Every structure is written in structure tokens, then in C-alpha cells.
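Me: I have a model to go through with you. Could you take a look at it with me?

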There are 2 protein chains.
Amino acid sequence: MSSIKKDTRKNILTATWLLMEQRAGQGVSMSQIAKAAGVSRQALYLHFDSRIELMVATIRYVDEVKELNQRLKLFQQASGGIELLDACIDVWGNYIPEIYGIAKAMINTMDTDEASATAWNSCMSGLRDMCVQIITALQDEGKLVDNWSADEAVAIFWTMISVNNWQQLTIECGWSNAQYIRHMKLLLRRTFVLPDATA
Amino acid sequence: MSSIKKDTRKNILTATWLLMEQRAGQGVSMSQIAKAAGVSRQALYLHFDSRIELMVATIRYVDEVKELNQRLKLFQQASGGIELLDACIDVWGNYIPEIYGIAKAMINTMDTDEASATAWNSCMSGLRDMCVQIITALQDEGKLVDNWSADEAVAIFWTMISVNNWQQLTIECGWSNAQYIRHMKLLLRRTFVLPDATA
DNA sequence: TATTAACTTTACACCGTGTCAATTGACAGC
DNA sequence: GCTGTCAATTGACACGGTGTAAAGTTAATA
């Protein structure tokens, strides 16, 4: 049975995830993860080459468990650009709080580590596709404002819904998550949808 | 003469600043700063209690040299809310590239260190005041959209012009700084100014 | 019974922060 | 000239984190 091996690996990943969420991705050492997972510190290195690789594996694991892309795909059949936009923010806005700790940890290491950056970006590729889809849908419907090119609009959209912005509005400004979702929908509509093009 | 002492302190601060800009605030150790400043590592601890205190002092020093608040005050006499908004983004958008490294370093340590957070916030207080001023000016002129309360509008404004968003749009999306300033002005106008209230 | 694989224990190397003590060198006032 | 003082240097050390290496344990497998 390799179920023992798989169990240990899973235990480590869930322990990492749990600690990251508890500590908001800050100051989580390998020793603490090992302790939380009920294994020795060295066991971590049997399963993962480095701390960064463990984090990359964790974000992938979370992605697999939480199935962001699946959730997004449910709404990709939505009729219009505005409906797509609302659906996207509903899904993403409810997703962020569940992955905030590990996401924050990833974002922090992205600056120094290339592997982290690509791993995080690959996990977020579905969301990014969604942004493109929304902008092109609005464009096709003639509802997209003409202030920016489609590429620029995607960049702005992508930036606005970043985890950092969620953190700033909720954790630092004290918004509730419902408030965040409501206001973000409005904000994106005001930004990208022509005034006379009501839903 | 205490000019020797002051010189050393200044050397350390400028060396820290320089290194932070060169390395975008990543992986700058006390040894490297000491080397760059032409002093021993221990000399740093004669002038600053800790690494964090050095960084706080550096951001204050940069603030003093660059005089963001002075630059902002020049425009606080601007007539209307829209003019204020444009002036604010001009000043801030040209300021960010000059302080990006140290700002990034500060933001990274803010998550763990309370002193960093308050120091950074105090340096940014002038900018924050500017946000409040712009929103209230728009409100007084009857040009503010009614989607949000004034407080919420300030939070959104503040979030949109964050250093993280600047980084994402310029460094990650490849925008030029001129592009950033132009688009950010437009974005904020679309977000907060009533459609019929043209400048 | 012997082997293999997962895991543990212990030890160590390396680096970064922060502390401490002894020392050098220059500049002050008497 | 002597002495005190202050900035700075040198060298050592504690501590904690990451990562490596080697020897030992345990349990399932062949």
C-alpha cells in the first residue's frame, strides 16, 4: 500500500494550508508545519524538495480541493457580459477568504521566486480567462467603454480583483465580504460598461 | 562636531535607499547595507536599533528628501474636484517610481511589524488626506456618484492608487508610467465622477 | 526470514539578525 | 601632555530558519 505515503503527504499539505490560513501566510516555519502535521521536520523534505516547493504543492492542492476553475466554468454559459461579470465576482469574492492565507504567502514569495510566480499564475489562469471572456463579451455586445483597448481593460480588471485589493478593502478598511462583492461588482460595471447599456 | 556622526547616519540611509531601489526591496541584508555605506555592520546598530527601525528611518528620510507632501500641497489650491484628481495622480504617479524599492520593502514588513505599518501610513497621510479632499470636493460640487458613501469612495480611491496596483500594471503588465498615469486618471474619473459632470 | 520503503533521530553547514566586550583613533578641555 | 569621551571597528557569540547527510527504527512485502 502506498496509502500511508499518500496520507502523510496529504497530512502535510492540509497542515500547511491550515497554518497558512491561521497565520495569514506569515511566519510559518517548516518546524511548525511538521509539528502540525504530526511528522518530523525531515519528513517534509522526503516529500518536498524545499519550502517553496511545499508551498507550490499546497496552493495546487487547495486549488484541486476547492475547484475554483470548476466553479467558474459553471457560469461561463451565462448569457451576457454583465451577467458574466456578476457571476465572476460572486465566485471569486467568495473564494478569496478561503484561500487568503496561502495566497498571501505565495504572493510574498513570488517577488523572489520564479517558480512561485508561475505556480500561482497557473492556478489563477482560469480566473484570468474569465476576465478576458468578460471583456470580449462586453466588446461583442457593444457595451464596452472605448477608453481602453481590450488588453488594457483586462489588465485593469485583473488588477482590481487582486487579492491585495481584497485585503486592503476588507482587512484594512473593515469591509465585510458581502460589502466587497457588492461594491466590486458596481465598481467594475462603472468602469467597463457603457452608461446606457443597462443589464 | 557632530557632523561626522550625522554624515555616517546619512550615508547609511542613502545606502539603504539605493540598495532598496536597485533590488526592488528584496533580499537586502544588513551586511550589504553596511558594505554599501562603507561602515561596519555593527555601526548600523549604533544608529538604529533594528533592521526594521532602519527601514522606517529610511522611508522617513526619503519622504523628507522627496517632499511628497510639499508636492501635493502645491495642488491643494486647485479649483475643482476633477482638477484635484488629475493633479493628485500626476504627483503620485511620478512619485511611485522614485520610491518603489523602499516602499515595497516597507509593505512586505507591514504584514508582520506594526511599527512599519504605522510609519508607512504616516508617510502616506498626506496622500490619504488628498483622497479625502478630492472625494469631498466632488461631493460638494454634486459631481460624486451616489453608488458609495464618501468613506467607501475614499477606501476605493485609496486602494486603486496603491503601490501594489502600480506594480501590477507597470512591472507585470508592462505599462509605461505615462500609460499608468493617463489610464488611472480616466479610471478614477469614470469611477467617481457623474457622467454628465464634465470638467 | 530478508528486504525494502517510509519515517525518525541526531548532527551539522550556512546565513541572517541581534548582542556583547574589548579596542582603536580622534577630538575635547584642563 | 594627560585624560575623558564618543564614534566606530573587530571578533565572538546566541538564536532561529533552511537545507543536507547519515544511521537507526518500524512495518509491510516477497
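Me: To start with, which classes of residue make up the surface near DNA strand C?
Reply: By class, that surface has seven nonpolar, seven polar and two charged residues. Ala, Val, Leu, Ile, Met, Phe, Trp, Tyr, Cys and Pro count as nonpolar, Asp, Glu, Lys and Arg as charged, and the others, Gly among them, as polar. The model is predicted: local features need pLDDT of at least 70 and side-chain atom pairs pLDDT 80 or more, while totals for chains, interfaces and linings use all residues. Residues are numbered from 1 along each chain as its sequence is written, with chains lettered from A and ligands numbered from 1 in the order in which they are written.

Me: Changing topic, what rotation superposes chain B on chain A?
Reply: A rotation of 180° with 0.0 Å of shift along its axis, at an RMSD of 0.1 Å (least squares on C-alpha atoms of residues with pLDDT of at least 70 in both). The two copies are thus related as by a two-fold rotation axis.

Me: Where is the kink in α6(B) centred?
Reply: The kink, of about 70°, is centred on B:I99. The bend is the angle between axes fitted to the seven residues ending there and the seven starting there.

Technical notes. Helices (H or I, at least four residues) and strands (E, at least two) are DSSP runs, numbered from the N terminus.
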